[in-house]
Amino acid sequence: MGSLSTTRVLLIGLIAVALAAFLPLGVSGYILGLLTIAFYFGVFAMAWDLLFGFAGEVNFGPTFLIGTGAYTAGILDNLYQPPIWLCVAAGALAAVAGGVVLALPALRVRGPYFGLTTLVAVLMLQNFVVVDASLTGGEIGLTVPDVITISDAKNYQIALWFMAISGAILFALSRSPVGLILQASGQDAVQAGALGFNVTKHKLTAFVISAFFSGLAGALLVFYLGSASVGTFIDITVGVQIIIAVVIGGRRTILGAVLGSIFIIAMSEALRPVGDLANFIVFAMALVVVLFFPNGFFGLLTRSKETS
Amino acid sequence: MLFWQILIDGFAISSLYALGATGFALIFGVSGVLNLSHGALMVAAVVAAWAAGNDLHVGPYAGAMIGIAVGFVASMITYFLIVRPLQQSRKIREQEKEIFILTATLLWGIMLQELIAYFYTNNAKTVAPIVEGVVRIVGVRTPANEIFTAVVCWLVIGILWLLVNRTRAGKAVLAASMNPRGVTLLGVELSQVYIAVWAIYGVLVGVAGVLLGMFLGVSSYSVGPLTASAFSIVVLGGLGSVSGALIAAYVVGYLETLTAYLISPAYRTIPALLLLVVVMYVSPRGLLGRR
Amino acid sequence: MAEKNAHLEVRGLTKRFGGLVAVKDMTFSVDAGKILGLIGPNGSGKSTVMKLIMGIERPDAGSVRINGTDVAGWPSHRIARMGAGIVFQHSRPLHRQTVLENIKLALLPDKLTRLLADPETDTKARAIAARVGLSGVLDRRPATLPFADLRKIEIAKAIARDPQVLLIDEPFAGLTSKETAAFSDLICELRDDGRAVLLVDHNVKSVARLVDRVLAMYVGERIAEGTADEVMRNETVRRVYLGGTIETAARPESSFRDTTTPFLEVKNVSVHYGKAQALDDVSIHVHAGEFVSVVGLNGAGKTTLFNTISGFLPYAGDIRREGASLRGFTAATIARKGIVQCPEGRELFVDMTVRENLDLGGQHLPAAECAEQIAWLFDLFPILRDRQKQAAGTLSGGEQQMLTIARALMMKPKLLILDEPTLGLAPVILEQLSKALERLRQTTAITVLLGEQNVTFALPHADRVYVLEHARIVWEGEPARFAADVSTGYL
């Protein structure tokens with residue numbers, strides 16, 4: 001990836017997004033709907049990649065951040081019906097608070113232990129949602145009274161540009177000095193500290209940024225879907241889908257995460273004829289990628305330059 | 001009365017947790033692998049036992065045996081198809097192997113979950129118990145099956161203890177869990193030790209799964225929580241410490257039972273998870289951790 | 001450039017790990033434009049001192065003053081900003097970035113708001129690269145570079161912030177003599193900028209040419225301080241590194257019957273750790289029944305050599321046992337073939353009893369033979385008989401070492417490899433260990449390959465001696481000649 005300059009990648013990305021913006025002229029609402037979801041998923045995956053790929057934090061609980069954002073926005077809308085943008089903002093802020101909570105153990109415990117705390121965080125949130133059914137809708141799910149728009153094309157454009165802007169920010173960040181420091185902290189915190197970097201500060205920032213985008217995307221997705229449920233926002237399976245989107249797309253590339261997300265959604269759709277087995281096949285493919293192509297799609301493109 | 005009920009119920013569920021977590025701890029101790037498909041392997045064993053009873057109409061004993069066999073086979077597949085290729089991979093940096101194994105076993109677990117849901121639906125399945133009826137212990141009406149569960153768990157743990165402490169091969173396995181390099185220096189092939197522990201683990205998972213199926217019943221949704229509870233127990237006890245895991249199993253088992261009886265069954269798992277977070281924050285090595 | 005008043009002052013620095021005192025009441029200072037060498041064998045606490053100064057570990061007591069400010073207990077990044085920099089021994093550059101980007105990293109301010117690098121950063125990074133000699137490889141990725149260049153990246157990163165106090169861990173480990181010379185020049189230049197430099201290394205010799213003063217440590221305490229010459233002549237230092245007077249009792253090589261094919265032959269073996277060369281074309285041989293010592297300082301490559309023989313490391317060259325190549329056999333198979341190692345780290349099963357540890361060693365033997373062997377070993381190491389039921393982890397260091405040897409002997413080895421058995425042991429224990437080895441040599445036909453830094457321990461039993469230095473065998477001969485030929489240049 002390093003061989004492609006930041007501006008060139010952003011340019012290619014911009015062209016891709018601009019082309020995608022004309023898609024509503026030629027495709028059905030159904031496909032637009034799928035892509036809308038894929039784009040939100042892409043943001044989830046990019047936010048996760050920032051934490052894992054750059055800060056080196058194994059977060060098995062991306063859905064903790066997403067769920068916090070989504071449910072906060074949904075519940076707020078359900079109770080008081082404030083303007084939607086306020087709900088979305090509240091969701092993003094709640095997710096940031098969640099990110100800080102998640103970061104606290106990360107600054108103390110390492111590796112698998114941290115992975116476990118994140119898993120626990122997801123289970124706790126799930127428990128809370130299921131138990132506190134009067135507020136959250138419990139296992140049935142939460143229906144929000146408002147949606148941003150019912151137009152497929154508009155929803156598609158919102159998701160597309162939201163993803164494009166988030167992607168540009170996250171990608172630029174990963175290539176910026178801050179991204180470099182983050183990578184150094186993730187790889188060797190001791191050395192980063194000895195070079196004068198406050199590792200705690202940088203990692204906390206990574207958590208906050210990752211949480212912000214996760215929560216924002218989660219909240220927006222709620223107002224697209226018109227409902228929130230454990231199965232779509234919190235379940236560990238959802239978290240694993242996000243992780244495999246990144247692994248398939250290529251870790252530490254940010255943009256690979258979007259490719260991975262589109263791939264997963266597209267595969268699930270293509271496999272619709274096999275019914276419920278579709279998920280199984282997608283996961284199996286992801287496993288094959290993990291086993292045989294540990295660097296993912298983007299990794300395959302750039303592999304020759306990496307190895308020596 | 002309530003006190004005794006909690007004591008008895010808690011004991012049975014804790015024994016089950018102990019059995020499940022022992023294998024998990026053993027694998028981590030010997031090979032440093034955290035198997036996140038643990039819950040899925042257990043559920044696979046239950047569903048196999050259930051299907052054998054329901055579809056093939058075999059008796060409860062034969063059903064249990066089939067369940068255990070499936071647990072064993074699933075464990076061996078996990079090792080040979082997923083864990084070992086990753087451990088031996090040259091494409092993945094050493095420091096990243098841990099996260100790859102975590103991710104791959106997590107994926108594998110979810111694959112199994114999807115497969116089970118596809119063929120056998122998401123409905124909860126309860127395996128026909130081997131022992132039926134109810135007995136009274138200090139005034140508490142207790143299903144005989146609950147007692148059976150606790151007894152079998154401790155029997156299996158006892159056999160495992162004997163195997164590990166009284167046989168040469170077992171001793172080597174135990175030694176490997178303390179110091180893998182040490183046993184290599186004594187001429188023991190670690191690759192064989194790995195196969196042995198995954199085999200032992202498979203049997204334990206199978207037994208624990210089948211008992212759980214008879215006791216509480218499981219659905220494909222149980223995969224995540226089962227993995228998490230085993231993981232929590234093992235972390236609480238200190239990763240890699242089998243005795244620590246046994247103690248932690250009782251802490252978690254009783255905490256859950258207490259919550260279920262005194263507060264609400266809905267909150268069952270929450271205090272244990274909270275405790276886990278607190279312990280990890282205060283003492284990241286767990287209660288009795290070595291590593 | 002660095003200010004002229006750069007000054008590092010350490011007073012009463014103490015660090016405990018559990019019950020172990022790793023650093024005890026260390027006091028020293030380094031002035032601007034001076035180099036202090038901090039030397040000591042493995043486990044002496046010298047690296048811990050460095051980590052304490054840099055804030056990577058927190059001291060239990062004492063002060064660390066940088067230009068007068070006490071920074072003891074501060075987090076690492078604040079100490080770095082006070083003007084301390086460190087060159088780590090193991091380089092871990094960012095692999096996906098180029099050399100230039102790696103250097104730029106070190107120049108970045110610790111700010112979250114800086115989303116674009118200063119335009120000056122590039123110029124500065126190039127200047128630093130030129131200074132350490134990396135100009136030609138700026139756009140390469142670290143993975144494609146030789147080891148010496150990776151070390152240069154570490155130095156470049158450390159000096160990017162223009163530290164006034166510079167700590168360097170084992171500056172020359174893994175470098176060729178030519179590279180070492182270039183590195184020495186670089187370190188001198190950095191000193192001449194007016195920095196206070198602390199070099200941490202195993203022995204005086206490697207840093208003697210550079211340092212103004214040397215401080216020698218042993219088990220956490222200062223044992224000597226002075227010029228390199230003074231420290232090399234110091235009695236305590238000599239005892240720690242060389243031991244006392246040496247008596248030898250070598251049997252001539254011709255007295256071993258298998259002179260045509262020795263039991264073990266190591267032929268032109270080279271080993272690399274990543275880019276670092278750990279063994280360079282090493283050839284040694286051991287006859288059946290012979291007692292061979294490989295003498296060398298920590299870091300010379302002894303452990304690497306033994307681990308290569310034991311099958312733990314990939315290598316170039318050939319290793320033969322009774323003429324048959326050992327290539328392709330697993331470590332466990334090699335152990336079962338009778339080449340058994342007592343590793344430096346001992347690798348005991350600490351939660352098991354002494355007896356259980358021994359039983360594990362004898363697991364390939366029939367029960368009766370196993371019992372017989374244990375009885376013989378209890379005779380050799382009587383203390384182990386008394387400690388049978390005790391957990392191995394609760395034994396003293398000396399007892400643990402005896403148990404390690406006994407456990408290996410349970411395998412009935414044809415060749416026993418002892419790696420640094422005296423490490424961290426008190427002199428009394430050394431004597432007991434020494435007697436046991438002598439008895440082993442007198443009463444059995446065992447073949448021994450011993451790796452030692454402590455010459456007094458290594459020579460008395462040896463029939464033949466190799467000296468390993470900087471990954472190469474530099475001397476081979478009878479122990480009696482060692483004193484005359486080598487010992488002066490050994491420290």
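Modeller: What follows takes a few of those words in turn, bearing in mind that this is a predicted model.

Colleague: Why is chain A called as compact as a globular protein of its length?

Modeller: The globule rule, 2.2 Å times the number of residues to the power 0.38, gives 19 Å for 308 residues, and the radius of gyration of chain A is 19 Å, close to that value, so chain A is as compact as a globular protein of that length. Its C-alpha atoms fill a box of roughly 55 × 45 × 35 Å along the principal axes.

Colleague: What share of the residues of chain A count as buried?

Modeller: A residue is buried if 20 or more other C-beta atoms lie within 10 Å of its own, and 56% of the 308 residues of chain A count as buried.

Colleague: Which strands of the sheet in chain C stand at the edges, and what makes them edge strands?

Modeller: The order is β16-β17-β18-β13-β19-β20 in an open sheet with mixed pairing; β16 and β20 of chain C each have a single partner strand, so one side of each is left without a neighbour in the sheet.

Colleague: How do you know that β17 and β18 of chain C are paired, and in which sense?

Modeller: Two strands pair if DSSP finds at least two bridges between them, and β17(C) and β18(C) share 5 bridges in the parallel sense, so they count as paired. In β18(C), C:Leu449 is the bridge partner of C:Ile417.

Definitions and conventions. Residues numbered from 1 in each chain as written. Chains lettered and ligands numbered in written order. Predicted model: local features only at pLDDT ≥ 70, side-chain atom pairs only at ≥ 80, totals over all residues. Buried ≥ 20, exposed ≤ 12 C-beta atoms within 10 Å, placed from the backbone. Helix = DSSP H or I, 4+ residues; strand = E, 2+ residues; numbered from the N terminus.
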